[in-house]
Amino acid sequence: MAKGQPLQREQAWTPLQNRTNTKMKLTRCGKITLGILMMVIAAVVIGLIVYFVAYGKTPLYYHLSFKVNNIDYDSKFEKSYSQEYMDLNKKIMSLINETFHGSKLRGQYVKSHVVQVSRAKGKVIIHAVLKFKSCYKNNAAKFGDRIETTLREKLKGETGSLHINSSSFKFSDIAMPTAENLLNTCCGQRTITPSGNKIVGGMDAQEGEWPWQASLQQNNVHLCGATLISNSWLVTAAHCFIKDRDPKEWKVTFGLLLSHPQTQRGVKDIIIHENYHYPAHDNDIAVVHLSSPVLYTSNIRRACLPEATYTFPPNSDVVVTGWGTLKSDGISPNILQKGLVKIIDNKTCNHEKVYGGVITPGMLCAGFLKGNVDACQGDSGGPLVGADYKGTWFLAGIVSWGDECALPNKPGVYTRVTYYRDWIMSKTGL
């Protein structure tokens with residue numbers, strides 16, 4: 001594609017990387033043999049211990065709920081990234097951690113997390129999921145009873161700043177898939193935080209690093225990226241569906257590798273912004289309703305949707321991900337790629353030497369005026385995300401268009417998510 005010709009990035013992206021660019025006496029044999037035998041036995045015992053520690057314990061999950069009499073309900077508790085929710089979660093987790101770390105179950109206790117805060121007569125009801133590892137697989141009921149007894153004793157006693165209504169206490173076991181879904185329900189969280197944030201040209205992503213990334217495909221061919229924003233909804237670019245908007249013709253996959261997806265889903269519905277008119281770039285946004293919900297895991301999670309008033313300051317770090325081509329009309333990778341770029345303010349992006357005034361309020365520029373790192377063909381619809389000071393990742397943009405890929409003075413142009421926040425809410429309820 002000739003330089004200067006707008007490129008809608010709807011085919012696959014890749015490494016944002018370089019987007020452009022003995023002898024022994026017989027009488028001693030018995031002692032030697034015995035010594036070797038003892039060493040072998042010791043090695044076997046150590047091996048069994050290691051195996052038991054690593055593999056011999058079964059993960060068990062439980063749901064716990066109770067009312068806190070001295071905390072008034074606040075609608076901000078509904079947002080897992082809000083300071084109010086995080087402060088409350090910290091108090092509850094501190095209580096539960098203290099309960100088990102000071103008990104005979106400390107060796108089996110793994111973690112817990114507040115998964116929901118509901119309301120009852122103006123006060124809060126805490127819903128938490130607890131994870132344990134036990135070697136008593138055939139005695140799970142007895143093990144659960146020990147956990148429940150330990151919790152009830154703690155909740156009846158002094159609980160610090162929390163005044164818990166012990167009569168509201170409820171405890172039950174819960175199946176692993178459902179429990180893991182709840183444990184990973186918080187948006188914008190990642191399993192791993194790789195060391196080093198500097199990316200030159202782009203590089204391979206790691207498993208679980210960008211768990212909200214999805215691939216939109218037809219006939220098992222990756223065409224566009226998308227971002228998971230709930231168990232059932234994705235957000236992507238409208239121009240991905242110029243040629244075909246029939247939901248039955250599309251599927252969605254999740255995972256680091258295109259060739260070995262962790263899971264996939266069909267598509268129930270595709271909702272394109274009513275004011276999107278190809279080939280114009282305005283309103284380049286669509287939401288995709290999955291045929292059935294995905295369960296969150298350590299490697300499949302949702303990105304946080306920012307409020308309409310959220311700001312991503314100019315020059316702040318953001319990351320773009322996808323399976324798009326290495327350069328314009330180049331080859332596509334099998335492994336998800338990531339690239340660190342910077343937010344560029346619209347005034348700069350509208351400069352005559354850059355995009356000459358065509359950047360509208362619903363668009364967001366990101367990259368470098370010197371080029372080198374950028375989204376490309378096949379990255380369309382994929383996420384541009386930025387982290388807040390707490391390390392929670394929010395969706396800033398949707399890969400939309402640009403003049404070729406990674407050219408000087410031609411940064412990537414994205415659909416600005418905050419500008420369309422109300423539209424997303426109107427279509428998905430999120």
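**Figure 1. Salt bridges in the predicted model.** The count comes to 11 salt bridges in this predicted model. Three of these pairs are shown in the close-ups that follow: glutamate 209 with lysine 338, arginine 152 with glutamate 148, and lysine 410 with aspartate 403.

**Figure 2. Salt bridge between glutamate 209 and lysine 338.** The two side chains meet with an N to O distance of 2.7 Å. Glutamate 209 sits in the loop between strand E6 (203-204) and strand E7 (213-218), whereas lysine 338 belongs to strand E14 (residues 337-344), so the pair ties together parts that are 129 residues apart in sequence. Both glutamate 209 and lysine 338 are buried.

Figure 3. Arginine 152 forms a salt bridge with glutamate 148, and the closest N and O atoms are 3.2 Å apart. Both partners lie in helix H3, four residues apart, or about one turn of the helix. Arginine 152 counts as partly exposed because its relative accessibility is 33%. Glutamate 153 is also placed in helix H3 (residues 140-156). With a relative accessibility of 57%, glutamate 153 counts as exposed.

Figure 4. Glycine 160 is located in the loop between H3 and strand E5 (164-174). This glycine is partly exposed, at 46% relative accessible area. The C-alpha atoms of glycine 160 and leucine 95 are separated by 8.4 Å, although the two residues are 65 residues apart along the chain.

Figure 5. Lysine 410 forms a salt bridge with aspartate 403, the closest N and O atoms being 3.8 Å apart. Lysine 410 counts as buried at 16% relative accessibility, and aspartate 403 is buried at 6%. Glutamate 404 is in the loop between strand E17 (393-403) and strand E18 (412-416). Its phi is positive, about 50°, although the residue is not a glycine. Glutamate 404 counts as buried because its relative accessibility is 12%.

**Figure 6. Arginine 265, a buried charged residue without a salt bridge.** Arginine 265 is placed in strand E11 (residues 263-272). The residue is buried yet has no salt bridge, and the nearest side chain of opposite charge, that of glutamate 180, is 15 Å away. The side chain of arginine 265 makes a polar contact of 3.2 Å with the side chain of threonine 263. A polar atom of the arginine 265 side chain also lies 3.0 Å from the backbone oxygen of proline 293.

Figure 7. Most residues other than glycine have a negative phi, and most peptide bonds are trans. The peptide bond from tyrosine 278 to proline 279 is cis, with omega near 10°. Proline 279 is found in the loop between E11 and E12. Asparagine 315 has a positive phi, near 75°, and lies in the loop between E12 and E13. At 53% relative accessibility, asparagine 315 counts as exposed.

**Figure 8. Leucine 305 in the loop between strands E12 and E13.** Leucine 305 is found between strand E12 (286-290) and strand E13 (317-322). This leucine counts as buried, with a relative accessibility of 7%. From C-alpha to C-alpha, leucine 305 and valine 385 are 9.9 Å apart, and in sequence they are 80 residues apart.

**Figure 9. The largest pocket.** The volume of the largest pocket is about 540 Å³. It is lined by 24 residues, and those closest to its centre are Glu78, Lys79, Ser80, Thr185 and Arg302. Strand E3 (residues 109-120) supplies the largest share of this lining, three residues. By class, the lining has 14 nonpolar, six polar and four charged residues.

**Figure 10. The largest cavity.** The largest cavity has a volume of about 90 Å³. Its lining includes Gln206, Glu207, Gly208, Glu209, Trp210, Pro211 and Gln213, along with Phe254, Gly255, Leu256, Asn299 and Leu336. Five of the lining residues are nonpolar, five are polar and two are charged. Among them is Glu209, which is the salt-bridge partner of lysine 338.

Methods
Residues numbered from 1 in each chain as written. Predicted model: local features only at pLDDT ≥ 70, side-chain atom pairs only at ≥ 80, totals over all residues. Heavy atoms only, no water. 1 Å grid on protein atoms, 1.4 Å probe; cavity = no way out; pocket = protein on both sides within 12 Å on 5 of 7 lines; lining within 4 Å. Points joined across faces, edges and corners; volume = space filled by probe spheres on them. Helix = DSSP H or I, 4+ residues; strand = E, 2+ residues; numbered from the N terminus. Nonpolar A, V, L, I, M, F, W, Y, C, P; charged D, E, K, R; others polar. Buried < 20%, exposed > 50% of the residue type's maximum accessible area, 1.4 Å probe, protein only. Lys, Arg positive; Asp, Glu negative; His and termini not counted. Salt bridge = Lys/Arg side-chain N within 4 Å of Asp/Glu carboxyl O. Polar contact = N/O pair within 3.5 Å; in protein donor to acceptor, adjacent residues only side chain to side chain.
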